[in-house]
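I opened the structure and kept notes.

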Amino acid sequence: MSDDLKKSRLSVLSSHFTHLPPESSVMASEKEAALAAAPSDSPTIFDKIINKEIPATVVYEDDKVLAFRDIAPQAPTHILIIPKKRDGLTGLSKAEERHTEILGHLLYTAKLVAKQEGLEDGFRIVINDGPQGCQSVYHIHVHLIGGRQMNWPPG
């Protein structure tokens, strides 16, 4: 992916963070982005990706979820898996019993995508929740990370 495309995507993402100007987003840390983010009923960057308003490198899609490559990968393989409908599920702490099917489908999809990506030796699944969990987009999403040895503790 070209640097210009990455900067363009980061600029769009930064528009969701009211106190960060677009040019600063390139240097903003994940922690700063998480602290600047807030839950909202407004469309998220993920909604815009689902609606094809923002380009993404899609690696898997079905009627319920979309999986695409992260624009700032933390490992050789870093894929985000999102439900196509938020349905109030902005983060794991907001999950209700009615969300169990989509939560299970997100994890099952992570397994399918991991196999598709050749991650037979293992991978990590991460779900950030809230500001202290470093969540920067309030549309639940699963990070599938692999292709290298992970370290512990993670954060």
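**Entry 1: ground rules.** I am working with a predicted model, in which local features need pLDDT of at least 70, side-chain atom pairs count only at pLDDT 80 or more, and totals for chains, interfaces and linings use all residues. Residues are numbered from 1 along each chain as its sequence is written, and side-chain values use heavy atoms, with hydrogens and water left out.

**Entry 2: the count.** I took a salt bridge to be a side-chain nitrogen of Lys or Arg within 4 Å of a carboxyl oxygen of Asp or Glu. How many salt bridges does this rule give? I noted seven.

**Entry 3: E61 and its partners.** I looked up E61 and found a salt bridge to K52, at 3.9 Å from N to O. E61 also has a salt bridge to K84, at 2.8 Å from N to O. This second pair links distant parts of the chain, 23 residues apart: E61 lies in strand β1 (residues 58-61) and K84 in the loop between β3 (77-83) and α5 (100-116). Helices (H or I, at least four residues) and strands (E, at least two) are DSSP runs, numbered from the N terminus.

**Entry 4: exposure.** I used these cut-offs: buried is under 20% relative accessible area, exposed is over 50%, and partly exposed is in between (1.4 Å probe, protein chains only). Why is E61 called partly exposed? Its relative accessible area is 41%. K84 is partly exposed too, at 24%, while K52 counts as exposed because its relative accessibility is 53%.

**Entry 5: K64 and E101.** K64 and E101 form a salt bridge at 2.8 Å, N to O. They sit 37 residues apart, with K64 in the loop between β1 and β2 (65-69) and E101 in helix α5. K64 is partly exposed at 30%, and E101 is exposed at 55%. I also noted that salt bridges with shared partners join K52, E61 and K84 into one network.

**Entry 6: the strands.** I counted two strands as paired if DSSP finds at least two bridges between them. β1 and β2 run antiparallel, joined by three bridges, and they form a hairpin with three residues between them. Which residue of β2 is the bridge partner of E61? I found L66. β2 also pairs with β3, in the antiparallel sense, over five bridges. There V65 stands opposite P83 of β3. Four of the five residues in β2 are buried, so I wrote the strand down as mostly covered.
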